[in-house]
Amino acid sequence: MAHRIGRQAYRRRAALGIAVYLALVLAPVSLMLLSPLEPGREFLREFAVALGFVAVGILGTQFAISARVGRLKAPYGIDAVYYFHRRMAFVALALVLTHPILLFVVTPDRVELLNVITAPWSARYAVATVLGVAGIVAISVWRREVRLRYELWRFSHGLGALTILVLAALHTLNTGVYTSDWKTHAFVAYAAIWVGTLGYIRVGKPLRQLRNPYRVTEVRQESPDVWTLTFRPDGHPGIRFRPGQHAWVTIGRSPFSLTEHPFSFSSSPDREHGGFDMTIKELGDFTSKIGEYPPGTMAYVDGPFGAFTTDRHTADRYAFIAGGVGITPIMSMIRDAAERGDPTPMVLVYGAAAKQDLVFSGELDELSQRLDLEITYVLENPPEGWDGEVGVITDDLLKRAIDDVDAYEYLICGPPAMIDGVERALGEMGVDRKLLHYERFEIA
Ligand SMILES: Cc1cc2nc3c(=O)[nH]c(=O)nc-3n(C[C@H](O)[C@H](O)[C@H](O)COP(=O)(O)OP(=O)(O)OC[C@H]3O[C@@H](n4cnc5c(N)ncnc54)[C@H](O)[C@@H]3O)c2cc1C
């Protein structure tokens, strides 16, 4: 069994991650404190320049945040990391707008620099950077409204981010304030870290995946629109993951193709063969054909990732709450508990639209005989004669299903609306938020 990680170790890692993040964000602005300095400048001008440098720091670290380095992200959970990435994009936008506005306040004549036909190159780069940041944020916010395909968005997002970084660096170097002398080299080296990070994401990682391929060995239908695929490593030891974690997979295409998708492991960790199962619901372009891949299809895997695991949240009792295909990581944890003969009391509240959507219910019923596991099924559209719970997961239902609500560590997975509803209900019941852990099946 993979060893369980203590809370203290996670806290230490989390604190270290935050310290490294702050150091990287503040590295450019620290150039303002080191010799050679710019003499005799007003506070507001210096403040405006400082905001510009912090913006560059945030824009650069956005690459690191999206780089999916498992060990760096382990303490936070992927949804929290991407949430932070999105929030920091707004902070960067606010800073790149405030930076020139304050400079215009100090020297109103500088407004002329907005005329890109007459302005010097440093100002042109600045205007292009501001437009670029505003554009990339707007497209990401309204991706669905403008019906931009996810893959196309992802490709343009990476390219756009790189362009913005280069433009911001050119602006900073061209302006030459606090970037002359040795600082030029320091600043170029700093920008190169982020270009290198993007290279690692787009080239380094896919190359590593290419050297460690997997094959789909089995495709099983679980319900009319849910399929389980079994993956086995092809010529290497395979993956070591914790129950409940997820990975990004590319199936039947090159790992360079930008068509990878995140799925949770639904099997328990396979310590012997390094393989795994993923259970996937048909939803859009990629998943709607998931049942059609023939056994033998090559696959590439980036992972494992995620903090949604009983290994991380050790507890005396677990309450698992699943909505629809959100059962997958929970199934991995319950299967793992069964294999280890884990005596920990567990309850599972499992909601789905109809009976046929309760995938794994047969196996779960069987496991409930072997484990200290109580299951409550909830159906929105129950069949005739259904004697289980009906509707959606409410606070009343949770009170009925879970005896002493404060005695549990909660692991909740499903569509965002269900997670929000359960979080609200548990909050109203007075459950401490620290006991709630989520996996949202949505990133952008
Ligand atoms: C951590 C995590 C674990 C997940 N585990 C499972 C699981 O075990 N089983 C399961 O059925 N689903 C799971 N999902 C959801 C699954 O990733 C999406 O349903 C799938 O990527 C949709 O792809 P599509 O092209 O079929 O759908 P589309 O219609 O193209 O996309 C629907 C939505 O899914 C998201 N999405 C699409 N492509 C990607 C992508 N490449 N990367 C990230 N998000 C994308 C976007 O928000 C998009 O708007 C998980 C998601 C996350 C974030």
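User: With which side chain does the side chain of H246 make a polar contact?

Analyst: The model is predicted, and H246 lies in strand β3, which covers residues 246-251. Leaving aside neighbours within four places in sequence, the residues in contact with H246 include I78, P262, F305 and E439. The polar contact made by the side chain of H246 has a distance of 3.3 Å, and the partner is the side chain of E439.

User: Is H246 buried or exposed?

Analyst: A residue counts as buried when its relative accessible area is under 20%. The relative accessible area of H246 is 5%, and therefore H246 is buried.

User: Which backbone has an N or O atom 3.1 Å from a nitrogen atom of the ligand?

Analyst: The ligand is surrounded by 26 residues, and E260, H261, P262, K281 and T287 are the closest. Polar backbone atoms of G284 and of F286 each lie 3.1 Å from an oxygen atom of the ligand. For a nitrogen atom of the ligand, the backbone N or O atom at 3.1 Å belongs to S264.

User: How many residues of the lining of the second largest pocket are charged?

Analyst: The second largest pocket, with a volume of about 1200 Å³, is lined by 47 residues, of which Y82, H85, R86, W153 and H157 lie nearest its centre. Helices that each supply at least two residues of this lining include α4 (78-106) and α6 (150-175). The lining divides into 25 nonpolar and eight polar residues, while the number of charged residues is 14.

Key
Residues numbered from 1 in each chain as written. Predicted model: local features only at pLDDT ≥ 70, side-chain atom pairs only at ≥ 80, totals over all residues. Heavy atoms only, no water. Helix = DSSP H or I, 4+ residues; strand = E, 2+ residues; numbered from the N terminus. Buried < 20%, exposed > 50% of the residue type's maximum accessible area, 1.4 Å probe, protein only. Polar contact = N/O pair within 3.5 Å; in protein donor to acceptor, adjacent residues only side chain to side chain. Contact = heavy atoms within 4.5 Å. 1 Å grid on protein atoms, 1.4 Å probe; cavity = no way out; pocket = protein on both sides within 12 Å on 5 of 7 lines; lining within 4 Å. Points joined across faces, edges and corners; volume = space filled by probe spheres on them. Nonpolar A, V, L, I, M, F, W, Y, C, P; charged D, E, K, R; others polar. Near = heavy atom within 4 Å.
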